[in-house]
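Here is a friendly walk through a two-chain model, written for someone who likes to know the cut-offs behind each term. Have the viewer open as you read.

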Amino acid sequence: MKEKILEAIHLTKEFTGAEKELRALGEVSFSIAREEFVCVVGPSGCGKSTLLRLLGGLLRPTAGEVLFEGRALAGPSPRIGFMFQLPNLMPWRSVERNIRLPLELDGTPEAEARAAVKDLVKLVGLTGFEGSLPRELSGGMAQRVALARALAHDPEVLLLDEPFGALDAMTRDRMGAELMRIARDRRKTVVMVTHSIPEAILMADRVLALTSRPGRLRLDLAVGLPRPRREEMTYTKKFGAMAERIRAAIGEAV
Amino acid sequence: MNNNINLKAPGSRGKRSYALRLMPVAAAVGVCGAVWQAAAGFGGMPAFILPGPMAVAGRLTDSLSDGSLVRHSLVTLGEVLAGMAAGVGAAALLGYLLSKSRLAEQILAPYIVATQAIPVVAIAPLLFIWLGSGLESKVLICALIVFFPVLVNTVIGLRSVSANLRELMRSLGASRWQNFRHLELPAALPVLLGGLKIGATLSVIGAVVGEFIAPDRGLGFLISIARGQYDTALVFVGVFSLVAMALGLYGLVAWAENRFLAWRE
């Protein structure tokens, strides 16, 4: 196994509401190896998104800590790329300028940024749409822009929060395949939250199953299917058995 | 009856659709002018009550040729622009603060709303007592009138910035300034310019109110002098000049909207 890049140590998160405290995540511990593709599944409200935001430094844990390359994570880092369920594009920026945003913010030299954006546009298959505005894009294309933007800093880790949740089934499959290709080509570590068990098994090296309220890690399953993954693998016995195990793990607490 | 207030459609080639779009507008202006001329000509009204468009046009040429109209217009325009700059500046600054801090809003909002309950026209005399009847008091009246709509729109604009985009900026480690420059300003711009549109026309009103109360120069002064002399045609000239000024400022903001908000279409 390769070195650990991201570690969650007794991670706990409570939200203070108006009346009562909500325990979103209760003492979750795991580690993720470099270049590993990990999917987090669980019922809605199990704190998957909270977990992802903790891993990305967007939220501070109530207790426990996140280690990124062995050091405590204090806040968002350019070496961790984030992609959300919605594309979250700036409607006044063209495709190209949306992808460039992270580079503008950290003052990357113009020539370098231009080259990087060109490369990213090609990578996500948006050549010819550089000048388009977000309102002119389909949902899938918008999510490609978001992916390119998340990759702009060439981060080690990609954190994806149900990135294909708002897409139709066919676009979703195609985007999933492309994400796997990009993650392998660019040697990225990926943590992806999803509510689709088949999607998780098909894409991940490892599936973490959470139960709800408070979210706890119930199952840590190595998938062990060969790559590249194919849609047909979904229909194998092995795949079905894994799906059953995960479903059982999530279901226990419901 | 011919009418002399007519909008000439640009006759250049390739602008046909533009010219066609302007036709109804020109026709409406023409009809208005004709009705006006008819009322003034056949209604038997004396010129000091309702001068016809011809008389007003004559007075317009007079006041243009002796330079008085331009002189007074520039004074008023100066007050309007200075007042807008001060009012918009203060409103944008305070609006930013209010949108960032609920506490600031709780403390300041009652006072801000209370000041809006006082008609500026009513406190204008006070301002003249305190500041004198010079430029400052008139600029201040403009600024006060512009202040509130711009403030409200600034707060609404900044509050409406999407929480998702804020989170995105946070994930990218954006500084406060970057957040403002790359997210808040462009996101709030449509509402801000909406406020500015209202402010631009209100500011003209503010300047005239000031010039009525302390008449020494400006279009408001011109109007009140003309009224005193029963030179009603000149009153019309003054009023039309004010309308033109308000339209011009409004058009300027509309142009800025077209220029900066093309992404909304």
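## Chain B: helices throughout

Chain B has 10 helices and 0 strands, where helices (H or I, at least four residues) and strands (E, at least two) are DSSP runs, numbered from the N terminus. Read from the N terminus on, its elements go α-α-α-α-α-α-α-α-α-α. This is a predicted model, in which local features need pLDDT of at least 70 and side-chain atom pairs count only at pLDDT 80 or more, while totals for chains, interfaces and linings use all residues. As for labels, residues are numbered from 1 along each chain as its sequence is written, and chains are lettered from A and ligands numbered from 1 in the order in which they are written.

Along the principal axes, the C-alpha atoms of chain B fill a box of roughly 70 × 55 × 30 Å. The chain is divided into domain 1 (1-44) and domain 2 (65-264), with bounds that come from an automatic or database domain assignment. The centres of these two domains of chain B, taken over C-alpha atoms, are separated by 32 Å. Of the 265 residues in chain B, 33% are buried; a residue is buried if 20 or more other C-beta atoms lie within 10 Å of its own, exposed if 12 or fewer, and partly exposed in between, with C-beta atoms placed from the backbone. Two residues are in contact if their C-beta atoms, placed from the backbone, lie within 7 Å. Among contacts in chain B between residues at least 6 apart in sequence, 73% join residues at least 24 apart.

## The six-stranded sheet of chain A

Chain A holds an open sheet of 6 strands in the order S6-S7-S8-S3-S9-S10, with mixed pairing; two strands pair if DSSP finds at least two bridges between them. Strand S6 (80-83) and strand S10 (216-222) of chain A are the edge strands, each pairing on one side only. From one strand to the next, the twist averages 15°.

Strand S9 (residues 206-211) of chain A is joined to S10(A) by 6 bridges, and the two run antiparallel. In S10(A), A:Leu221 is the bridge partner of A:Val207, and A:Leu217 is that of A:Leu210. The hairpin of S9(A) and S10(A) has 4 residues between the strands, and there A:Arg213 takes a positive phi near 40°.

## The four-stranded sheet of chain A

An open sheet of 4 strands in chain A has the order S2-S1-S4-S5, with antiparallel pairing. Its edge strands are strand S2 (21-33) and S5 of chain A, each of which pairs on one side only. Strand S1 (residues 4-16) of chain A and S2(A) run antiparallel and are joined by 9 bridges; A:Ala33 in S2(A) is the bridge partner of A:Lys4.

A:Arg71 and A:Ile5 are 66 residues apart in sequence, and their C-alpha atoms are 9.6 Å apart in space.

## Helices across the sheets, and the cores

Axes here are lines fitted to C-alpha atoms, for helices over the stretch in contact, and angles run from 0 to 180 degrees between N-to-C directions. Helix H1 (residues 48-55) of chain A lies across strand S3 (37-41), strand S7 (157-161), strand S8 (189-193) and S9 of chain A, at about 150° to S8(A). H1(A) also lies across S1, S2 and strand S4 (63-68) of chain A, at about 125° to S1(A). Helix H7 (residues 237-251) of chain A lies across S3, S9 and S10 of chain A, at about 170° to S10(A).

A nonpolar core is a set of buried Ala, Val, Leu, Ile, Met, Phe, Trp, Tyr and Cys residues joined through C-beta atoms within 7 Å. In the largest one, of 70 residues, A:Val191 and A:Val207 touch the most other members. Helix H4 (residues 139-150) of chain A gives the most to this core, with 6 residues. Neighbours within four places in sequence aside, the contacts of A:Val191 include A:Ile32, A:Val38, A:Leu52 and A:Leu159. Another core, of 54 residues, lies apart from it, and B:Ile141, B:Val150, B:Ala200 and B:Val237 are among its members.

## Where the chains meet

At the interface, 12 residues of chain B are in contact with 15 residues of chain A. On the side of chain B that touches chain A, helix H7 (163-171) and helix H8 (176-213) of chain B are the elements that give two or more residues. The largest share, 6 residues, comes from H7(B).
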